[in-house]
Amino acid sequence: MLTQEQKLFLRFSCKAIGLALVAFAVVALLALASRNSDSYARSLAKKESLLGATAAPRLIVMGGSGSAIGFDSKLFKEKTGVNVVNTGVFAGFGLRFIERVIVPHVGKGDIVLILPEYELLHQPPGGDGHILLETVLENPSHVVDILNPHTVVAMTRALPGWFRGRLESIAHKISGKQSSSVYSLKNVNAFGDIDSPLLDESIISPEDMAKATESFIRPQADSGSLETLVRMTASMKEKGVKVFISWAPLLESAPTSTMQAAQSREAELRKAFPSSTFVGSQKDFMYPAGLFYDAPTHLNDAGRTQRTQKIIKLMPIRP
Amino acid sequence: MSFVDIRFLVFFPLVLIANFLTPARFRWIVLLAASYFFYMSWKPEYGLILLAITVLDFVSALMIGKSDSHAKRKAWLMVSLVGNIGLLFVFKYFNFIFDSISSVFHAFGSDTSLPLLNLLLPIGISFHVFQSISYTIDVYMRRVEPVNHFGKFALYVAFFPQLVAGPIERPKTLLPQFFEDRRFNPELARRGAHLMAWGFFKKLVIADNLAPLVNAAFATPADFPGPTLALAAALFAYQIYCDFSGYTDIARGAANILGYELVLNFNRPYASGSVGEFWKRWHISLSSWFRDYVYIPLGGNRGSASRTRSNLLATFLLSGLWHGANWTYVIWGGINGVYLVIENALAKRGITIGKSLFSVPLTFILICVTWVFFRAETVSGAVSILARIPTGIPEFLSSLTSIDAMRHVLAMDYGLQALLIGVLGIIFMETVDFFRSRGIVHARLSTASAPARYALYVAFAIALVCAGSFGGAHQFIYFQF
């Protein structure tokens with residue numbers, strides 16, 4: 001039996017919980033109503049259907065947005081005759097998500113090229129809350145692949161920021177402002193690459209690029225992420241898949257500390273995998289600021305052509 | 001764990017449930033356990049320091065209370081003071097003093113460097129040490145009786161809502177509440193919930209949205225013209241106010257929901273018409289602590305004018321040092337002391353400005369000057385910021401002709417949206433606080449119909465979610481003290 005005091009407390013708690021639920025429901029409704037049919041996060045579904053529809057021999061590229069924007073699948077196919085599916089969407093998915101969602105589509109005879117961006121390795125394998133939230137809302141079928149206590153906390157933390165972003169884009173729509181972002185579903189081509197005429201240029205100054213690069217690379221990988229990478233690579237090899245790992249683009253004029261961090265990262269990866277796994281070394285994938293688009297792993301059109309040509313040259317595959 | 005940590009959203013309801021499910025006479029155990037858990041979630045070792053302070057002051061006060069001999073009473077008071085201040089010295093001031101001595105050696109050409117300790121400053125140590133000291137001093141002064149219940153005294157020192165950043169409670173106000181039968185009070189709880197919501201608004205919507213610009217301007221002042229630095233100094237005044245008073249509101253609100261009341265710590269400080277008034281409205285629990293335990297024992301204003309002046313200066317210098325082991329804080333305290341000395345001297349000559357449209361902004365500007373020292377990393381950094389403020393005006397004016405230049409000069413690169421939200425938040429907060437101080441907000445809320453009130457609560461919660469800054473890890477500024 002509850003005491004009079006406990007009844008009062010229960011009443012107060014019910015009111016507080018009720019208010020919180022109403023507020024949450026309003027926020028959730030607004031969030032669902034603001035879903036964007038052209039969201040870049042929806043390219044995940046497109047890439048999964050490409051994985052189902054693309055015939056062998058095929059190269060499956062895994063990574064984050066740096067893979068989506070920085071690999072020219074069409075060029076690769078022209079030069080090698082190998083079909084390509086570029087599955088990179090966001091590094092913020094985390095390696096565990098890639099392991100759960102993309103790896104099951106890979107089978108015997110496939111060739112996998114992993115392009116592990118710096119974030120993929122230095123963030124925990126569970127991924128970035130903001131990106132996971134966007135992914136869940138735009139691809140609800142992947143809820144089961146995402147939900148665990150860590151990601152729930154990460155997504156709850158990210159909810160306000162994500163929601164503010166949605167409000168901004170709604171405001172843009174209402175005011176008739178057209179988004180010039182290359183990151184939209186309509187810019188994802190038949191291979192899964194981001195392809196847009198806007199990629200012709202570099203929209204970040206060399207100074208800002210150097211600053212951004214400085215904070216981008218950490219000398220050590222997250223141990224959980226590295227373990228996940230080792231595990232998923234081993235499981236694919238067991239299935240008879242050829243697995244290669246190459247390197248994220250790096251600004252050639254990056255500060256010394258960044259270069260040292262990149263070297264340390266390369267040494268760490270080389271320790272974890274046999275040398276035959278690697279396609280070139282970090283120094284093969286260093287570029288001037290003019291070849292980047294908007295961020296330290298995002299190359300523009302000219303940059304990705306150079307990178308893809310280098311990968312074709314260094315990768316030991318011939319159709 | 002702090003109030004803006006997502007774990008607090010789980011911790012606090014669990015504490016409430018456990019507290020109100022427990023029979024009233026055992027609730028102190030729940031709250032004490034919760035308080036130690038809260039504190040030890042930062043670093044488990046912190047619990048030992050807290051326990052050491054508690055045991056020391058509990059025993060000292062008992063011995064002071066038991067003894068009729070003045071010498072013995074004084075000796076036990078000294079044990080408490082030396083123990084508490086010794087702890088504070090080791091953790092907070094040892095490196096500062098030894099480093100300063102080494103700097104003097106270096107200035108005279110010696111390469112001698114004194115050894116430094118590699119200790120992590122326990123969060124909020126200055127707050128709970130001061131709260132605990134006030135107990136032994138009050139027992140010594142016979143203002144309160146020593147308590148025989150160790151657990152409830154331990155709760156007085158460790159009570160989690162105000163443990164890490166105050167308000168610094170006095171034994172007379174908080175300790176008796178733990179001996180009373182504090183039942184759930186719906187009206188007090190509702191007031192507490194309002195206070196908590198208001199505190200979260202101040203912290204997340206104002207303080208944390210202003211942080212990027214303020215941090216950028218103070219990190220690389222040379223990148224900004226004077227007017228932007230002046231703006232950053234003014235915004236820092238609000239950032240620190242909303243950060244600290246936001247914390248206090250959440251602390252007071254959480255205590256209210258649990259059935260306890262904590263003292264008022266802020267009372268619209270930037271509406272002050274003089275620096276003296278500012279210090280009666282800003283961090284009231286610390287100002288009154290220094291008044292009662294430092295300024296008055298030094299002689300207060302009972303001696304000559306010069307003695308009063310030196311007492312004031314000494315009190316403010318100590319207050320500066322209390323905030324942090326850095327010369328910037330000492331100078332911050334010193335400037336405030338000088339302001340008060342000047343104000344007192346002018347008042348003695350019959351020159352008072354009174355509260356006016358002129359005195360309030362003037363006081364705000366004077367206080368902003370001191371905040372530059374408080375926020376800067378070094379004294380030379382603060383001086384260079386102040387020296388730069390009047391210099392960039394032509395550059396600033398010429399930039400007004402180009403949108404791009406204006407964006408840079410006004411530091412819009414650092415998040416125009418966040419800056420605008422922060423500034424609008426300040427206007428909203430000052431307006432609401434103005435009406436709150438006249439009792440209008442409370443009266444309107446009390447008489448509003450339930451649906452209207454709940455609609456307002458939901459709208460406020462949504463606004464908090466939309467406008468709050470949740471991205472960065474912005475810890476409460478005063479935790480470092």
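Biologist: Let's start with helix packing. Within what distance do the axes of helix H3 (residues 46–66) and helix H5 (residues 125–140) of chain B come, and at what angle do they cross?

Modeller: Keep in mind that this is a predicted model. The two axes, H3(B) and H5(B), come within 9 Å and cross at roughly 5 degrees. Angles under 35 degrees count as roughly parallel, so H3(B) and H5(B) are roughly parallel to each other.

Biologist: Which residues make that contact?

Modeller: On the H3(B) side you'll find B:Leu50, B:Ile53, B:Asp57, B:Ser60, B:Ala61, B:Ile64 and B:Gly65. H5(B) brings B:His128, B:Val129, B:Ser132, B:Tyr135, B:Thr136, B:Val139 and B:Tyr140. By class, the contact of H3(B) with H5(B) has 8 nonpolar, 5 polar and 1 charged residues.

Biologist: And at what angle do helix H9 (residues 226–258) and helix H14 (residues 359–375) of chain B pack?

Modeller: At about 75 degrees, with the axes of H9(B) and H14(B) 9 Å apart. Angles from 65 to 115 degrees count as roughly perpendicular, so that is how H9(B) and H14(B) lie to each other. In H9(B), look for B:Ala233, B:Ala234, B:Phe236, B:Ala237 and B:Ile240; they meet B:Ile367, B:Cys368, B:Trp371, B:Val372 and B:Arg375 in H14(B). The contact of H9(B) with H14(B) divides into 9 nonpolar, no polar and 1 charged residues.

Biologist: Let me step back to chain B as a whole. How many helices and strands are there in chain B?

Modeller: Chain B has 20 helices and 0 strands. Along the principal axes, its C-alpha atoms fill a box of roughly 75 × 70 × 50 Å. As for burial, 43% of the 481 residues of chain B count as buried.

Biologist: Now a single residue. Is B:Ser103 buried or exposed?

Modeller: Count the C-beta atoms around the residue. B:Ser103 has 11 other C-beta atoms within 10 Å, so this residue is exposed. B:Ser103 lies in helix H4 (residues 70–107) of chain B. From B:Ser103 to B:Ile351 is 248 residues in sequence and 43 Å in space, C-alpha to C-alpha.

Biologist: What about backbone angles?

Modeller: Most residues other than glycine have a negative phi. In this model, B:Arg268 has a positive phi of about 45 degrees although it is not a glycine. Phi of B:His283 is also positive, near 40 degrees.

Biologist: Where do B:Arg268 and B:His283 sit?

Modeller: B:Arg268 is in the loop between H9 and helix H10 (275–281) of chain B, while B:His283 is in the loop between H10 and helix H11 (284–295) of chain B. B:Arg268 has 16 C-beta neighbours inside 10 Å, so it counts as partly exposed. B:His283 has 23 other C-beta atoms within 10 Å and is buried.

Biologist: On to chain A. In what order do the strands of its open sheet come?

Modeller: Strands of a sheet pair through backbone hydrogen bonds, either parallel or antiparallel. In chain A, the 4 strands come in the order S2-S1-S3-S4, with parallel pairing. S2 and strand S4 (242–245) are the edge strands, each pairing on one side only. From one strand to the next, the twist averages 20 degrees.

Biologist: How many bridges join S1(A) to strand S2 (residues 83–86) of chain A?

Modeller: There are 4 bridges, and A:Ile60 stands opposite A:Val85 in S2(A). S1(A) also pairs with strand S3 (residues 111–115) of chain A over 5 bridges, where A:Leu59 stands opposite A:Ile111. Another 4 bridges join S3(A) to S4(A), with A:Val112 opposite A:Val243. Strand S1 (residues 58–63) of chain A is mostly covered, with 5 of its 6 residues buried. Helix H4 (residues 73–80) of chain A lies across S1 and S2, at about 160 degrees to S2(A).

Biologist: Last one: how many residues of chain A are in contact with chain B?

Modeller: 19 residues of chain A contact 17 residues of chain B. The largest share of chain A's side, 11 residues, comes from H1(A). That side has 13 nonpolar, 3 polar and 3 charged residues.

Definitions and conventions:
Residues numbered from 1 in each chain as written. Chains lettered and ligands numbered in written order. Predicted model: local features only at pLDDT ≥ 70, side-chain atom pairs only at ≥ 80, totals over all residues. Axes fitted to C-alpha atoms, helices over the stretch in contact; angles between N-to-C directions. Helix = DSSP H or I, 4+ residues; strand = E, 2+ residues; numbered from the N terminus. Parallel < 35°, antiparallel > 145°, perpendicular 65-115°, else oblique. Contact = placed C-beta atoms within 7 Å. Nonpolar A, V, L, I, M, F, W, Y, C, P; charged D, E, K, R; others polar. Buried ≥ 20, exposed ≤ 12 C-beta atoms within 10 Å, placed from the backbone. Pairing = 2+ DSSP bridges.
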